[in-house]
Amino acid sequence: MAECVRTTLNPSHFLLHSTKTPTQNPFFSSISSFEAKPNARNYPKISLSVMSSQNQSQGQTQVPSLDALLNSGRKEEVFASIKASLHNCLSETNLQLTVPGLKSKTRGKVRDIYDSGDYLVLVTTDRQSAFDRILASIPFKGQVLNETSLWWFNRTRHMIPSAVLSVPDKNVTIAKKCSVFPVEFVVRGFVTGSTETSLWTVYKNGVRNYCGNVLPNGLVKNQKLTANILTPTTKAEDHDVPVTPDEIIERGLMTQDEFDEAREKALSLFEYGQRVALERGLILVDTKYEFGKSSDGSILLIDEVHTPDSSRYWISNSYEERFQNGLEPENIDKEFLRLWFRENCNPYEDKIHLFIRDYNKIKI
C-alpha cells in the first residue's frame with residue numbers, strides 16, 4: 001500500500017490565535033432545521049418492508065436501498081477517488097509546531113488531541129486501528145468519522161449535550177475540556193462478537209452473569225436480546241477490561257449518581273440509534289459511548305457516536321431469514337459503512353458538497 005502521510009493541517013483553518021473559547025457553532029446552526037424525531041414507545045419489527053410502507057404512507061423521502069448503492073456508478077466513482085488518493089491520507093498532524101496557543105499533543109489510535117488551555121482541538125486522522133493496533137491509513141476515513149459523529153451529536157442534543165463547540169475543518173472538532181470518566185459504556189442488543197470480551201465469546205464459555213447482567217441459558221449466536229444491556233469496560237492503556245457497575249462505584253471511577261445518569265443516557269441513545277438505523281435499513285447491533293463531566297457539573301457526551309469505528313451494524317432485511325437458517329448476518333464492513341452513511345445520513349449536503357470531489361481541494 002502506498003505510504004499515506006500528510007504532516008500538518010493549515011493553521012488558517014483554526015483561527016486559534018485568541019485564547020478565547022469559541023461561543024458560536026456555525027456548523028450546527030447550518031443544520032438546525034434537521035430536528036431529531038421524538039422517541040416512540042413501540043419500535044417497528046426488524047423489517048425493511050414495514051419501514052418502507054410506513055415511510056410511503058407518511059410521505060417521507062425514501063432512502064436508497066443498500067443494493068442500489070452497491071450497484072450504482074457512484075460506488076465506482078468513490079472507490080476510484082479513494083484509490084487515487086492513497087498518497088494523500090491524513091496520517092499525522094503537528095499543529096503544536098505551527099498554531100499559536102496549542103500547548104501539547106496527545107496521539108491516540110485515530111485522533112490527535114491538542115490542548116489549548118481553555119479547550120481541546122481534536123483532529124480525526126485517516127489512521128485505521130483494529131485489535132489495539134494501527135494497521136494503515138484510509139483516504140477520507142477521518143473526515144467521514146468526524147462528520148458522522150457531528151450528525152449524531154446534532155440529532156441527539158435533545159437527549160444529552162455534547163462537548164462540541166466548533167467545527168473549523170472537516171477533520172477537526174473543537175471541544176470543551178471536561179473530566180473524562182475512565183469507563184466506556186458498551187451497549188449491546190444481540191449476542192454476538194468474536195473477541196475475548198464479546199458477549200457471544202463469554203456466553204459460549206459458560207458465563208451467565210456478565211458485567212452485572214444475568215443471561216438465561218439457551219441463547220445462540222446472533223440472537224436478539226429481550227432487552228438491550230450495558231456491559232461497561234474500563235479504559236486501559238493496552239486493552240479494555242469488563243467491569244460491573246458495583247466495581248465502578250467501589251473503585252471510585254464514578255459516583256453512583258454519575259453512573260446512573262450515564263447509564264440511562266447510554267441506553268436511551270442506543271434505543272434512539274437503533275430506530276434511526278432501522279429507518280435506513282440497518283440494525284445497530286452494539287456500540288460504545290464515552291462521557292465527561294464539565295466544569296459546571298453537567299455530564300456531556302464526548303468522543304464519537306454511532307460511527308463505523310465504534311459500532312457494529314447488520315443489514316436488517318436479511319437478518320431474520322439468515323438467523324433462522326443458522327447463517328451469519330449480512331454486515332457492512334467499516335469502509336463500506338462510511339460510504340453508506342455518507343450517502344444516506346448527511347443532511348448538510350450544501351455545506352460539504354460532494355466530499356470526494358471537494359476533499360482534494362482542502363488545503364492541508
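Visitor: How many disulfides does the count come to?
Guide: The count comes to zero. Keep in mind that this is a predicted model.

Visitor: What would a disulfide be, in bond terms?
Guide: A covalent bond between the sulfur atoms of two cysteines.

Visitor: Is Cys 89 buried or exposed?
Guide: Cys 89 counts as buried, because its relative accessibility is 0% and the cut-off for buried is under 20%.

Visitor: And Cys 211, buried or exposed?
Guide: Cys 211 counts as buried too, at 7% relative accessibility.

Visitor: On to the sheet. What is the strand order?
Guide: The order is E1-E2-E3-E7-E6, in an open sheet of five strands with antiparallel pairing.

Visitor: Which strands stand at the edges?
Guide: Strand E1 (104–107) and strand E6 (164–169). Each has a single partner strand, so one side of each is left without a neighbour in the sheet. The twist averages 25 degrees from one strand to the next.

Visitor: How many bridges join E6 to E7?
Guide: Three, and E6 and E7 (residues 172–176) run antiparallel. Ser 166 stands opposite Ile 174 in E7.

Visitor: Different topic. Where does helix H5 lie?
Guide: H5 (residues 141–155) lies across strand E3 (119–124), E6 and E7, and runs at about 145 degrees to E6.

Visitor: How many of its residues are buried?
Guide: In H5, 15 of the 15 residues are buried, so the helix is largely enclosed by the rest of the structure.

Visitor: What span should H5 have?
Guide: At 1.5 Å a residue, H5 should span 21 Å, and its end C-alpha atoms are 21 Å apart, which agrees.

Notes. Residues numbered from 1 in each chain as written. Predicted model: local features only at pLDDT ≥ 70, side-chain atom pairs only at ≥ 80, totals over all residues. Heavy atoms only, no water. Disulfide = S-S within 2.5 Å. Buried < 20%, exposed > 50% of the residue type's maximum accessible area, 1.4 Å probe, protein only. Pairing = 2+ DSSP bridges. Helix = DSSP H or I, 4+ residues; strand = E, 2+ residues; numbered from the N terminus. Axes fitted to C-alpha atoms, helices over the stretch in contact; angles between N-to-C directions. Contact = heavy atoms within 4.5 Å. Expected span 1.5 Å × (residues − 1).
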